[in-house]
Amino acid sequence: MDGGDDEPALFEDDFFHLGGDEVDTSCWGNDSEISAWLKDHNMSPDEGYAYFVKRVASIARKHGRRPVQWSEVFDHFKGQLHPSTVVHVWKQDTNVTEVVEFGFDALIN
């Protein structure tokens, strides 16, 4: 989605689902390239995950799309997400009231 002007025409909807669930950063320390990148950016694996979440959401917004992310992303980062984020709630243990209190729109399965 960060390639060029032709890409937004492929996605006519205003929303772009970015996923973000099931991210296990524990293995990132075992990969030399990822470890080097995190070290060069003075980040922990969790901070690298936060960077990724924010970066892909920024790319979606740049192309006029609202980022949609799974409830695990909200559960992990809460109010650190951009206000335009739509939280796709599918787990019973994600508190929809809390999602809305943080000012996010919610998509409920």
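Visitor: Is Trp-70 buried, partly exposed or exposed?

Guide: This is a predicted model. In it, Trp-70 has a relative accessible area of 21%. Buried means under 20% and exposed over 50%, so Trp-70 counts as partly exposed.

Visitor: Which strand is Trp-70 in, and where does Trp-90 lie?

Guide: Trp-70 lies in strand E2, and Trp-90 lies in the loop between E3 and helix H5 (96–101). The two are 20 residues apart in sequence, so their pair ties those parts together.

Visitor: How many aromatic pairs are there?

Guide: The count comes to five aromatic pairs. One of them is Trp-70 with Trp-90, whose ring centres are 6.4 Å apart. Their planes stand at 80°, so the pair is edge-to-face.

Visitor: And Trp-90, what is its relative accessibility?

Guide: Trp-90 is at 41%, which counts as partly exposed.

Visitor: What about Phe-74 and Phe-102, how do those rings sit?

Guide: Their centres are 5.6 Å apart with planes at 75°, so that pair is edge-to-face. Phe-74 is in helix H4 (residues 71–77) and Phe-102 is in the loop between H5 and E4. The pair links distant parts of the chain, 28 residues apart.

Visitor: Phe-74: buried or exposed?

Guide: Phe-74 is buried, at 0% relative accessible area. Phe-102 is partly exposed, at 39%.

Visitor: Which residues make up the Phe cluster?

Guide: Ring pairs link Phe-74, Phe-102 and Phe-104 into the cluster.

Visitor: Switching to the sheet. What is the strand order?

Guide: The order is E1-E2-E3-E4, in an open sheet of four strands with parallel pairing. Strand E1 (15–19) and strand E4 (105–108) are the edge strands, each pairing on one side only. On average, neighbouring strands are turned by 30° against each other, direction ignored.

Visitor: How many bridges join E3 to E4?

Guide: Four bridges join strand E3 (residues 86–89) to E4, and the two run parallel. Val-89 stands opposite Ile-108 in E4.

Visitor: Which strands does helix H3 lie across?

Guide: Helix H3 (residues 45–62) lies across E1 and strand E2 (66–70). Helix H3 runs at about 145° to E2.

Visitor: Last one, Ser-35. Which helix is it found in?

Guide: Ser-35 is found in helix H2 (residues 32–40), and at 25% relative accessibility it counts as partly exposed.

Visitor: What is Ser-35 in contact with, beyond its neighbours within four places in sequence?

Guide: Ser-35 is in contact with Trp-28, Gly-29 and Asn-30. A polar atom of the Ser-35 side chain lies 3.0 Å from the backbone oxygen of Gly-29.

Methods. Residues are numbered from 1 along each chain as its sequence is written. This is a predicted model: local features need pLDDT of at least 70, side-chain atom pairs count only at pLDDT 80 or more; totals for chains, interfaces and linings use all residues. Side-chain values use heavy atoms; hydrogens and water are left out. Buried means under 20% relative accessible area, exposed over 50%, partly exposed in between (1.4 Å probe, protein chains only). Contact means heavy atoms within 4.5 Å. A polar contact is a pair of N or O atoms within 3.5 Å; within protein, one must be able to donate a hydrogen and the other to accept it, and residues adjacent in sequence count only if both atoms are side-chain atoms. Two strands pair if DSSP finds at least two bridges between them. Axes are lines fitted to C-alpha atoms, for helices over the stretch in contact, and angles run from 0 to 180 degrees between N-to-C directions. Rings of Phe, Tyr and Trp (its six-membered ring) pair if their centres lie within 6.5 Å; planes under 30 degrees apart count as stacked, over 60 as edge-to-face and the rest as tilted.
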